[in-house]
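The following exercises concern the protein displayed below.

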Amino acid sequence: LHGDIIIGSGGRELNGALKRLAAGGERKVLLNLAGTRFVDSSGLGHLVACHNLMRAEGGQLKLLRLTERVRDVMVITKLVTVFDVFDEEPAALASYN
């Protein structure tokens with residue numbers, strides 16, 4: 001994912017993409033946030049909505065490579081306790097088994 005997850009189109013695009021994946025039967029989604037510089041409160045809401053959507057469909061949404069700024073926001077809001085967050089892709093992929 002590249003770009004900010006903020007109020008407006010970014011969050012809606014993310015929700016739409018996750019809905020399409022879930023509708024297509026995908027149950028394991030790893031969202032790489034290395035290219036995401038900022039997440040605002042609306043963006044956090046979109047991430048939580050995507051997490052809840054995947055759980056409701058019997059799937060999992062995990063986060064990979066949070067930037068320092070995004071990690072700080074996730075820690076302050078305690079959302080790091082809601083999401084599985086990984087720094088390395090092999091560890092993230094292995095966690096699905």
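**Exercise 1. Architecture**

Task: State how many helices and strands the protein has, and give their order.

Solution. Note at the outset that the model is predicted. Counting the elements gives four helices and three strands. Reading from the N terminus on, these elements follow the order α-β-α-β-α-β-α.

**Exercise 2. Overall form**

Task: Determine what radius of gyration the protein has and whether it agrees or disagrees with that of a compact globule.

Solution. Begin with the expectation: for 97 residues, a compact globule would have a radius of gyration near 13 Å. The protein has 12 Å, and therefore the value agrees with the expectation. Next, consider the extent of the C-alpha trace, which spans about 30 × 30 × 20 Å along its principal axes. Finally, turn to contacts between residues at least 6 apart in sequence: 76% of them join residues at least 24 apart.

**Exercise 3. The interior**

Task: Identify which residues touch the most other members of the largest nonpolar core, and which elements supply that core.

Solution. First, 35% of the 97 residues count as buried. The largest nonpolar core holds 20 residues, and Leu61 and Met74 touch the most other members. At least two core residues come from each of helix 1 (9–23), strand 1 (28–32), helix 2 (41–56), strand 2 (60–64) and helix 3 (68–76). Helix 2 gives the largest share, four residues.

Note on methods:
Residues are numbered from 1 along each chain as its sequence is written. This is a predicted model: local features need pLDDT of at least 70, side-chain atom pairs count only at pLDDT 80 or more; totals for chains, interfaces and linings use all residues. Side-chain values use heavy atoms; hydrogens and water are left out. The radius of gyration is taken over C-alpha atoms; the globule rule is 2.2 Å times the number of residues to the power 0.38. Buried means under 20% relative accessible area, exposed over 50%, partly exposed in between (1.4 Å probe, protein chains only). Contact means heavy atoms within 4.5 Å. A nonpolar core is a set of buried Ala, Val, Leu, Ile, Met, Phe, Trp, Tyr and Cys residues joined through side-chain atoms within 4.5 Å.
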